[in-house]
Amino acid sequence: MKIRLGLARATEVPKLAAMARSLVEHGLPHTWDEQRLCRCLANSDYVALVARDGKRIAGFAVMEFLERRAHLALMAVDAAYQGHGVGRALLAWLEETARTAGTFLIHLEVRAGNVDARKFYERVGFIEAGRRRNYYAGGEDAVRMARDISVA
Ligand SMILES: CC(C)(COP(=O)(O)OP(=O)(O)OC[C@H]1O[C@@H](n2cnc3c(N)ncnc32)[C@H](O)[C@@H]1OP(=O)(O)O)[C@@H](O)C(=O)NCCC(=O)NCCS
(Lines give C-alpha, C1' and ligand atoms only; values in the text may rest on other atoms or scores of the structure.)
Protein backbone atom coordinates (compact mmCIF):
# COMPACT_ATOMS: atom_id res chain seq x y z
CA MET A 1 0.00 0.00 0.00
CA LYS A 2 1.56 3.26 -1.16
CA ILE A 3 -0.63 6.18 -0.11
CA ARG A 4 -0.23 9.52 -1.81
CA LEU A 5 -2.02 12.70 -0.79
CA GLY A 6 -3.30 15.28 -3.24
CA LEU A 7 -6.08 17.77 -3.78
CA ALA A 8 -9.43 16.29 -4.78
CA ARG A 9 -10.30 16.28 -8.46
CA ALA A 10 -13.74 17.02 -9.87
CA THR A 11 -13.86 13.50 -11.35
CA GLU A 12 -13.56 12.07 -7.83
CA VAL A 13 -16.57 13.91 -6.44
CA PRO A 14 -19.13 11.10 -7.03
CA LYS A 15 -16.93 8.65 -5.11
CA LEU A 16 -16.35 11.15 -2.28
CA ALA A 17 -20.10 11.81 -1.97
CA ALA A 18 -20.74 8.05 -1.84
CA MET A 19 -18.10 7.64 0.89
CA ALA A 20 -19.57 10.54 2.88
CA ARG A 21 -22.98 8.95 2.66
CA SER A 22 -21.99 5.44 3.68
CA LEU A 23 -19.23 6.18 6.18
CA VAL A 24 -20.27 9.44 7.85
CA GLU A 25 -23.95 10.17 7.20
CA HIS A 26 -25.43 6.70 7.55
CA GLY A 27 -28.87 7.04 9.12
CA LEU A 28 -28.93 10.80 8.47
CA PRO A 29 -30.10 12.91 5.53
CA HIS A 30 -27.42 13.08 2.83
CA THR A 31 -26.12 16.65 3.08
CA TRP A 32 -22.64 16.06 1.64
CA ASP A 33 -23.91 15.40 -1.85
CA GLU A 34 -22.06 15.93 -5.13
CA GLN A 35 -23.27 19.52 -5.52
CA ARG A 36 -22.01 20.53 -2.10
CA LEU A 37 -18.64 18.87 -2.66
CA CYS A 38 -18.32 20.56 -6.06
CA ARG A 39 -18.96 23.92 -4.40
CA CYS A 40 -16.18 23.17 -1.89
CA LEU A 41 -13.74 22.30 -4.66
CA ALA A 42 -14.51 25.63 -6.32
CA ASN A 43 -14.26 27.64 -3.09
CA SER A 44 -10.78 28.76 -2.03
CA ASP A 45 -11.86 28.81 1.63
CA TYR A 46 -11.98 25.00 1.49
CA VAL A 47 -9.31 22.37 1.00
CA ALA A 48 -10.47 18.90 -0.08
CA LEU A 49 -7.66 16.41 0.32
CA VAL A 50 -7.66 12.86 -1.02
CA ALA A 51 -5.48 9.89 -0.03
CA ARG A 52 -4.96 7.65 -3.04
CA ASP A 53 -3.63 4.12 -3.31
CA GLY A 54 -2.93 4.04 -7.02
CA LYS A 55 -6.28 4.83 -8.58
CA ARG A 56 -8.27 3.86 -5.49
CA ILE A 57 -9.43 6.46 -3.01
CA ALA A 58 -8.39 5.33 0.45
CA GLY A 59 -9.77 8.36 2.27
CA PHE A 60 -10.42 12.06 2.14
CA ALA A 61 -10.97 15.12 4.28
CA VAL A 62 -12.52 18.55 3.76
CA MET A 63 -11.38 21.52 5.80
CA GLU A 64 -12.83 25.01 5.79
CA PHE A 65 -10.46 27.87 6.57
CA LEU A 66 -12.27 30.56 8.55
CA GLU A 67 -10.81 33.85 9.67
CA ARG A 68 -9.04 32.64 12.81
CA ARG A 69 -9.62 28.92 12.85
CA ALA A 70 -10.18 25.97 10.62
CA HIS A 71 -13.15 23.63 10.66
CA LEU A 72 -12.70 19.98 9.77
CA ALA A 73 -15.98 19.55 7.94
CA LEU A 74 -15.69 15.98 6.71
CA MET A 75 -13.34 13.06 7.02
CA ALA A 76 -13.65 9.44 5.95
CA VAL A 77 -11.33 6.52 5.35
CA ASP A 78 -12.51 3.51 3.35
CA ALA A 79 -13.07 0.51 5.63
CA ALA A 80 -10.34 -1.47 3.83
CA TYR A 81 -7.79 1.22 4.75
CA GLN A 82 -8.86 2.08 8.28
CA GLY A 83 -6.28 1.58 11.00
CA HIS A 84 -3.29 2.08 8.67
CA GLY A 85 -2.49 5.69 9.37
CA VAL A 86 -4.45 7.23 6.49
CA GLY A 87 -6.60 9.43 8.75
CA ARG A 88 -3.54 10.59 10.69
CA ALA A 89 -1.73 11.42 7.43
CA LEU A 90 -4.68 13.42 6.06
CA LEU A 91 -4.91 15.43 9.27
CA ALA A 92 -1.16 16.02 9.45
CA TRP A 93 -1.19 17.48 5.93
CA LEU A 94 -4.14 19.74 6.72
CA GLU A 95 -2.62 20.86 10.00
CA GLU A 96 0.62 21.80 8.28
CA THR A 97 -1.37 23.77 5.72
CA ALA A 98 -3.27 25.53 8.51
CA ARG A 99 -0.03 26.46 10.29
CA THR A 100 1.36 27.85 7.05
CA ALA A 101 -1.80 29.93 6.71
CA GLY A 102 -1.34 31.24 10.27
CA THR A 103 -4.35 29.30 11.57
CA PHE A 104 -3.70 27.55 14.85
CA LEU A 105 -7.04 26.22 16.02
CA ILE A 106 -8.92 23.35 14.41
CA HIS A 107 -12.37 22.37 15.48
CA LEU A 108 -14.93 19.80 14.41
CA GLU A 109 -18.21 18.17 15.34
CA VAL A 110 -18.59 14.43 15.55
CA ARG A 111 -21.70 12.35 16.18
CA ALA A 112 -21.90 11.53 19.88
CA GLY A 113 -22.53 7.89 19.00
CA ASN A 114 -19.45 7.63 16.78
CA VAL A 115 -17.21 6.32 19.53
CA ASP A 116 -14.50 5.13 17.14
CA ALA A 117 -14.09 8.53 15.51
CA ARG A 118 -14.07 10.24 18.91
CA LYS A 119 -11.27 7.90 20.06
CA PHE A 120 -9.39 8.57 16.82
CA TYR A 121 -9.64 12.34 17.25
CA GLU A 122 -8.50 12.10 20.87
CA ARG A 123 -5.56 9.96 19.80
CA VAL A 124 -4.44 12.55 17.26
CA GLY A 125 -4.62 15.40 19.76
CA PHE A 126 -8.17 16.76 19.86
CA ILE A 127 -9.94 17.42 23.12
CA GLU A 128 -13.65 17.63 23.82
CA ALA A 129 -14.80 21.23 23.85
CA GLY A 130 -18.53 20.88 24.41
CA ARG A 131 -21.71 19.36 23.11
CA ARG A 132 -24.41 20.52 20.75
CA ARG A 133 -27.72 19.01 21.70
CA ASN A 134 -29.86 17.61 18.89
CA TYR A 135 -27.34 18.86 16.34
CA TYR A 136 -28.11 16.13 13.83
CA ALA A 137 -31.43 15.25 12.25
CA GLY A 138 -33.11 12.64 14.41
CA GLY A 139 -31.91 14.26 17.61
CA GLU A 140 -28.37 12.91 17.95
CA ASP A 141 -25.97 15.21 19.82
CA ALA A 142 -22.71 16.45 18.34
CA VAL A 143 -19.55 16.41 20.38
CA ARG A 144 -17.47 19.44 19.61
CA MET A 145 -13.72 18.81 19.58
CA ALA A 146 -10.80 21.16 19.16
CA ARG A 147 -7.06 21.06 18.74
CA ASP A 148 -4.51 23.78 19.28
CA ILE A 149 -1.81 23.30 16.66
CA SER A 150 0.33 26.26 17.64
CA VAL A 151 2.80 23.75 19.08
CA ALA A 152 3.74 20.99 16.61
C1 LIG B 1 -12.22 7.79 12.09
C2 LIG B 1 -11.33 7.54 10.86
C3 LIG B 1 -11.29 8.79 9.99
C4 LIG B 1 -9.90 7.23 11.36
O5 LIG B 1 -9.04 7.04 10.24
P6 LIG B 1 -7.99 5.84 10.21
O7 LIG B 1 -7.17 5.95 8.98
O8 LIG B 1 -8.70 4.57 10.44
O9 LIG B 1 -7.09 6.19 11.49
P10 LIG B 1 -5.50 5.99 11.65
O11 LIG B 1 -5.14 4.63 11.23
O12 LIG B 1 -4.80 7.13 10.99
O13 LIG B 1 -5.34 6.11 13.23
C14 LIG B 1 -4.61 7.17 13.86
C15 LIG B 1 -4.50 6.84 15.34
O16 LIG B 1 -5.81 6.79 15.92
C17 LIG B 1 -5.99 5.53 16.55
N18 LIG B 1 -7.36 5.07 16.34
C19 LIG B 1 -8.02 5.01 15.18
N20 LIG B 1 -9.27 4.50 15.39
C21 LIG B 1 -9.33 4.24 16.72
C22 LIG B 1 -10.33 3.68 17.56
N23 LIG B 1 -11.51 3.29 17.08
N24 LIG B 1 -10.06 3.53 18.88
C25 LIG B 1 -8.87 3.92 19.40
N26 LIG B 1 -7.86 4.45 18.63
C27 LIG B 1 -8.12 4.60 17.32
C28 LIG B 1 -5.03 4.59 15.86
O29 LIG B 1 -4.69 3.50 16.68
C30 LIG B 1 -3.87 5.49 15.56
O31 LIG B 1 -3.04 5.61 16.69
P32 LIG B 1 -1.42 5.56 16.54
O33 LIG B 1 -1.10 6.29 15.24
O34 LIG B 1 -0.93 6.28 17.73
O35 LIG B 1 -1.09 4.13 16.47
C36 LIG B 1 -11.82 6.32 10.05
O37 LIG B 1 -11.85 5.19 10.86
C38 LIG B 1 -13.19 6.52 9.40
O39 LIG B 1 -13.28 7.05 8.31
N40 LIG B 1 -14.26 6.07 10.06
C41 LIG B 1 -15.60 6.16 9.47
C42 LIG B 1 -16.02 7.58 9.13
C43 LIG B 1 -15.95 8.50 10.31
O44 LIG B 1 -16.32 8.15 11.41
N45 LIG B 1 -15.46 9.72 10.05
C46 LIG B 1 -15.34 10.75 11.04
C47 LIG B 1 -16.65 11.42 11.16
S48 LIG B 1 -16.48 13.05 11.75
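## Cysteines, ligand and surface

The sulfur of Cys40 lies 9.3 Å from the closest cysteine sulfur, which belongs to Cys38, and that is too far for a bond. The model you are looking at is a predicted one, so let us follow the reasoning through with the cut-off in hand: two cysteine sulfur atoms count as a disulfide when they are within 2.5 Å. A disulfide, after all, is a covalent bond between the sulfur atoms of two cysteines. The structure holds zero disulfides.

Cys40 is buried, with a relative accessible area of 6%. Cys38 has a relative accessibility of 39% and counts as partly exposed.

Now turn to the ligand. It is surrounded by 19 residues, and the closest are Val77, Gly85, Gly87, Arg88 and Asn114. A backbone N or O atom of Met75 sits 2.8 Å from a nitrogen atom of the ligand. For Gly83, a polar backbone atom is 2.9 Å from an oxygen atom of the ligand. Arg88, already named among the closest residues, also has a polar backbone atom 2.8 Å from an oxygen atom of the ligand. How much of the ligand's area does the protein bury? Taken alone, the ligand exposes 930 Å², and the protein buries 74% of that.

Next, move to the surface, where Leu5, Leu7 and Trp93 form a nonpolar patch. Together these residues have about 260 Å² of accessible area. One of them, Leu5, is found in strand β1, which covers residues 3–7. Is Leu5 buried, partly exposed or exposed? With a relative accessible area of 31%, Leu5 is partly exposed. That value matters for the patch, because patches are made of residues with over 30% relative accessible area, and Leu5 has 31%.

A last stop is helix α1, made of residues 13–24, where you will find Ala18. At 42% relative accessibility, Ala18 counts as partly exposed.

Terms used: Residues numbered from 1 in each chain as written. Predicted model: local features only at pLDDT ≥ 70, side-chain atom pairs only at ≥ 80, totals over all residues. Heavy atoms only, no water. Patch = residues over 30% accessible without salt bridge, like charges linked within 9 Å, V, L, I, M, F, W, Y side chains within 5 Å. Areas by Shrake-Rupley, 256 points an atom, 1.4 Å probe, with all protein chains shown as cover. Salt bridge = Lys/Arg side-chain N within 4 Å of Asp/Glu carboxyl O. Helix = DSSP H or I, 4+ residues; strand = E, 2+ residues; numbered from the N terminus. Buried < 20%, exposed > 50% of the residue type's maximum accessible area, 1.4 Å probe, protein only. Near = heavy atom within 4 Å. Polar contact = N/O pair within 3.5 Å; in protein donor to acceptor, adjacent residues only side chain to side chain.
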